[in-house]
Protein chains: 2
Amino acid sequence: MRIGELARRTGVSERSLRYYEERGLLTAERTPGGHRDYPETAADRVIRIQELYAAGLHSEKIRQLLPCMRDRDGGPSAVATPRLAQDLTAERDRIDRMIADLCRSRETLDEVIRTARGT
Amino acid sequence: MRIGELARRTGVSERSLRYYEERGLLTAERTPGGHRDYPETAADRVIRIQELYAAGLHSEKIRQLLPCMRDRDGGPSAVATPRLAQDLTAERDRIDRMIADLCRSRETLDEVIRTARGT
DNA sequence: CTTGAACCTCACATCAGTGTCAAGTTCTAC
DNA sequence: GTAGAACTTGACACTGATGTGAGGTTCAAG
């Protein structure tokens, strides 16, 4: 699949897809002419990458993490080192706090919205 | 309370506190010499501001929202306009999606961590 | 007074992902 | 073989909260 098609399927810009490749998060075969050619599994991976970005992980952590994730079609191709597992545990806890914060903010917004509705 | 004290209490840098003032999120009296003097309620407000920032709201939205929130010690000093309520509803939905994304990422991390533990 | 900590304003730097434009190449379909 | 869409690399801009440093003023305690 070409980059345009992948961008369309995932809703992620071509620019970002190239950036992911630059950061080692996403690889592609190349046509004889040099155009990127992605496997079908790429779309899933891109979605995962976006989710992890949204969760505040930086590209380097994502890069380390990706091979340890099981893909939809198979098991992981690597197991996290203790060092990485420790890092990821810290990230996990950060995400927990993030979720708690978000829930508080959501509650705040809900209250303001309810009050506005009530008038 | 002075800016240093407020920074210490909230864990937010002085730089950020001045920035919040610049954006109209936080006001302070001034001493005759021009130093900021915050009321006791400021700490609560700063925490709220940080939470809303973390939830992805921009300073302008926060500025509009703040007067509509009830403070710990009293009711809101304003009610959201329909326009603002609509904006906030969109933000609320965005936060919902964000939470869902975060939960998926957390699950991903947990799985990798579990796998690493299991070896 | 004086001294040092704390504060002031202003300006420029940073981060990391993404947008955007330029100039050139490849692909696909006629 | 040619037109136009799609792709390539490269470089620079932006965003928006925050870091940082300069150069100067105010505050509080001795």
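Author: Happy to! A helix here is a DSSP run of H or I with at least four residues, a strand is a run of E with at least two, and both are numbered from the N terminus. With that in hand, let's start at Leu88(A), which lies in helix 5 of chain A. Please keep in mind that this is a predicted model.

Is Leu88(A) buried or exposed? A residue counts as buried when 20 or more other C-beta atoms lie within 10 Å of its own. Leu88(A) has 22 such atoms within 10 Å, so this residue is buried. Setting aside residues up to four places away in sequence, Leu88(A) touches Leu65(A) and Ala80(A) in chain A, and Leu109(B), Val112(B) and Ile113(B) in chain B. For a sense of scale, take Arg15(A): 73 residues separate Arg15(A) from Leu88(A) in sequence, and their C-alpha atoms are 28 Å apart in space.

Now let's step back to the whole helix. Helix 5 of chain A is made of 36 residues, and from its first C-alpha to its last it reaches 52 Å, close to the 52 Å expected at 1.5 Å a residue. An α-helix has 3.6 residues a turn, so residues three or four places apart point the same way. The buried residues of helix 5 of chain A are Leu88(A), Glu91(A), Ile95(A), Met98(A), Ser105(A), Thr108(A), Leu109(A), Val112(A), Ile113(A) and Ala116(A). Their cover includes helix 4 (59-65) of chain A, together with helix 3 (42-54), helix 4 (59-65) and helix 5 (82-117) of chain B.

That brings us to the partner chain. Helix 5 of chain B also has 36 residues and reaches 52 Å between its first and last C-alpha atoms, close to the 52 Å expected at 1.5 Å a residue. Its buried residues are Leu88(B), Glu91(B), Ile95(B), Ser105(B), Thr108(B), Leu109(B), Val112(B), Ile113(B) and Ala116(B). Among what covers them are helix 3, helix 4 and helix 5 of chain A, along with helix 4 of chain B.

How many residues does each chain bring to the contact? Chain A gives 32 residues and chain B gives 32 residues. On the side of chain A that touches chain B, helix 3 (42-54) and helix 5 (82-117) of chain A each supply at least two residues. Helix 5 of chain A gives the largest share of that side, 21 residues. By class, the side of chain A that touches chain B has 20 nonpolar, five polar and seven charged residues.

The same surface serves both copies, as 100% of the contact residues of chain A recur in chain B.

The domain assignment divides chain A into domain 1 (1-78) and domain 2 (80-119). The C-alpha centres of domain 1 of chain A and domain 2 of chain A are 26 Å apart. Where these domains meet, domain 1 of chain A contributes seven residues and domain 2 of chain A contributes eight.

Finally, let's visit the DNA. The surface near DNA strand D has four nonpolar, eleven polar and five charged residues.

Conventions
Residues numbered from 1 in each chain as written. Chains lettered and ligands numbered in written order. Predicted model: local features only at pLDDT ≥ 70, side-chain atom pairs only at ≥ 80, totals over all residues. Contact = placed C-beta atoms within 7 Å. Nonpolar A, V, L, I, M, F, W, Y, C, P; charged D, E, K, R; others polar. Domains from an automatic or database assignment. Expected span 1.5 Å × (residues − 1). Buried ≥ 20, exposed ≤ 12 C-beta atoms within 10 Å, placed from the backbone.
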